[in-house]
Amino acid sequence: MAGATHVYAGAASSMEGTFGGIFRQAAGEDRWQRLTNGLPEGTEVHAVTLHPENPETVYLGATTGGYRSTNRGDRWERMRFPGGDPDVWSILVHPKNPKRLYAGASPIAVFRSDDGGDNWRALADPGLPNRVHMQFACRVMRLDIDPNNADDVYATMEANGAMRSRNAGESWEDCTADLIRFCEQPKYRSRIGSQTEIEGMLDGHALACSAAAPGTVFLANRMGLFRSTDRGEHWEDMEIGRFSPLTYGRDIRVSPQDPKILYACLSPAARSTDGAIYRSDDVGRTWKRFDHGVKAEATMMAVALHPKDPNQVYGVSRFGQVFGTQDGGKSWHEHRLPEGARDLYALACG
């Protein structure tokens, strides 16, 4: 398998007649392989992260903890976290020091490893107020680091806004007050499963930092795409509705090759029958639809960018459609996951 690109899709469904797990496919092939060696039965996968320099190494975040593979998922080993196995929703490899990993969990907790995942320790409790009472425990959906400031770590939560650390996770600061301010306007109010209409603005799904925008954080949440140019102190609406009829933000990523290029997953809602991948070539100022010809039958949940090849981009819908291009978006191919794989949260390639 050395040298070949592989696509990984993580499914989290536990409903009757469906199943979760981690699936792998060699780019250009049609067959998906479910990778189970070393994973407990019934494992639901929430995060898939590839080592940026060694694609043989893959990290998983799951209901049963965190896992690592050194052979592209042929075999998994459980990573040992203090206090047991947390429900891991995000794993980040430090962009400058790949030995340093961060993991975000549910209920809200952040862990750090400084030796590639051999050992982990719990970082400071962020101590955030529980503003939104959902039917599920709040979770750290995405972590990222400002490439211009190696100790600046950001996180977004479903559903409790955003937070930051200026000291590599040793302490955390709340970055949510200015997101709540938006709810003074009716168009930013949304309540689906809680006691408050600030729910939508605090329903964070993904965030990203770019070397082309020091001190800037990009956030995807239920109400759209938002940007902070002062390290999370204040936020502005990027007004994605000017460019897309779809405004529910599920994922946002920065190109590994060009920090001015951003990709975002947009849909009508959390459970919908449409979705698309949009691209910005100017650090989020303007956007265009990228996945021409794709017909998503459900919410577009994640986008994956190849760490070496800018022409390879992949997206996944909630119910198991994986779309991919290997020519920079000129042509797309759909590869469905096995029937029964549902609630796809995670996608990676390399």
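1. Let's start with Cys183. Its sulfur sits 15 Å from the closest cysteine sulfur, in Cys138, so the two are too far apart for a bond. For scale, a disulfide needs a pair of cysteine sulfur atoms within 2.5 Å. Cys183 is also buried, at 11% relative accessibility. Keep in mind as you read on that this is a predicted model.

2. Cys265 is another case to look at: it takes part in no disulfide, and the nearest cysteine sulfur, in Cys349, is 13 Å away. Cys265 counts as buried, because its relative accessible area is 0% and the cut-off is under 20%.

3. Next, a sheet that brings in strands from both ends of the numbering of elements. Follow the order E3-E2-E1-E28 and you have an open sheet of four strands with antiparallel pairing. Strand E3 (33-34) and E28 are the edges: each has a single partner strand, so one side of each has no neighbour in the sheet. To see one of the pairings up close, look at strand E1 (residues 6-11) and E28, which run antiparallel and are joined by five bridges. Ala9 faces Leu347 of E28 there. As background, strands of a sheet pair through backbone hydrogen bonds, either parallel or antiparallel.

4. There is another open sheet of four strands, with antiparallel pairing in the order E24-E25-E26-E27. Strand E26 (residues 321-325) runs antiparallel to E27, with four bridges between them, and Val322 stands opposite His335 in E27.

5. Who are E17's partners? E16 is joined to E17 by four bridges, and the two run antiparallel; Leu207 has Leu219 in E17 as its bridge partner. E17 also pairs with strand E18 (residues 224-228), again antiparallel, through five bridges. In that pairing Val217 stands opposite Ser228 in E18. A hairpin of two residues takes the chain from E17 to E18.

6. The largest pocket has a volume of about 1,300 Å³. Its lining has 49 residues, and those nearest the centre are Leu92, Asp144, Arg253, Val254 and Pro256. Strands that give two or more residues to this lining include E4 (45-50), E8 (87-93), E12 (139-145) and E16 (204-208). By type, the lining splits into 33 nonpolar, eight polar and eight charged residues.

7. The second largest pocket holds about 540 Å³ of space. It is lined by 23 residues, with Glu158, Ile192, Asp203, Arg222 and Ala270 closest to its centre. Here the lining divides into ten nonpolar, five polar and eight charged residues.

8. A few backbone spots deserve a second look. Most residues other than glycine have a negative phi, and most peptide bonds are trans. The bond from Ser106 to Pro107 is cis, with omega near -10°, and Pro107 lies in the loop between strand E9 (101-106) and strand E10 (109-113). Another cis bond runs from Glu158 to Ala159, with omega near 10°. Ala159 is in the loop between strand E13 (153-158) and strand E14 (161-165).

9. Two residues have a positive phi without being glycine. For Arg72 the value is about 60°; this residue lies in the loop between strand E6 (65-69) and strand E7 (77-79) and is buried, at 2% relative accessible area. For Ala168, phi is near 65°. Ala168 is in the loop between E14 and strand E15 (173-174), and it is buried too, at 5%.

10. Last stop: is Pro245 buried or exposed? It counts as exposed, at 74% relative accessibility. You'll find Pro245 in the loop between strand E19 (236-237) and E20. Its C-alpha atom is 8.5 Å from that of Ser267, and the two residues are 22 residues apart along the chain.

Terms used
Residues numbered from 1 in each chain as written. Predicted model: local features only at pLDDT ≥ 70, side-chain atom pairs only at ≥ 80, totals over all residues. Heavy atoms only, no water. 1 Å grid on protein atoms, 1.4 Å probe; cavity = no way out; pocket = protein on both sides within 12 Å on 5 of 7 lines; lining within 4 Å. Points joined across faces, edges and corners; volume = space filled by probe spheres on them. Nonpolar A, V, L, I, M, F, W, Y, C, P; charged D, E, K, R; others polar. Buried < 20%, exposed > 50% of the residue type's maximum accessible area, 1.4 Å probe, protein only. Pairing = 2+ DSSP bridges.
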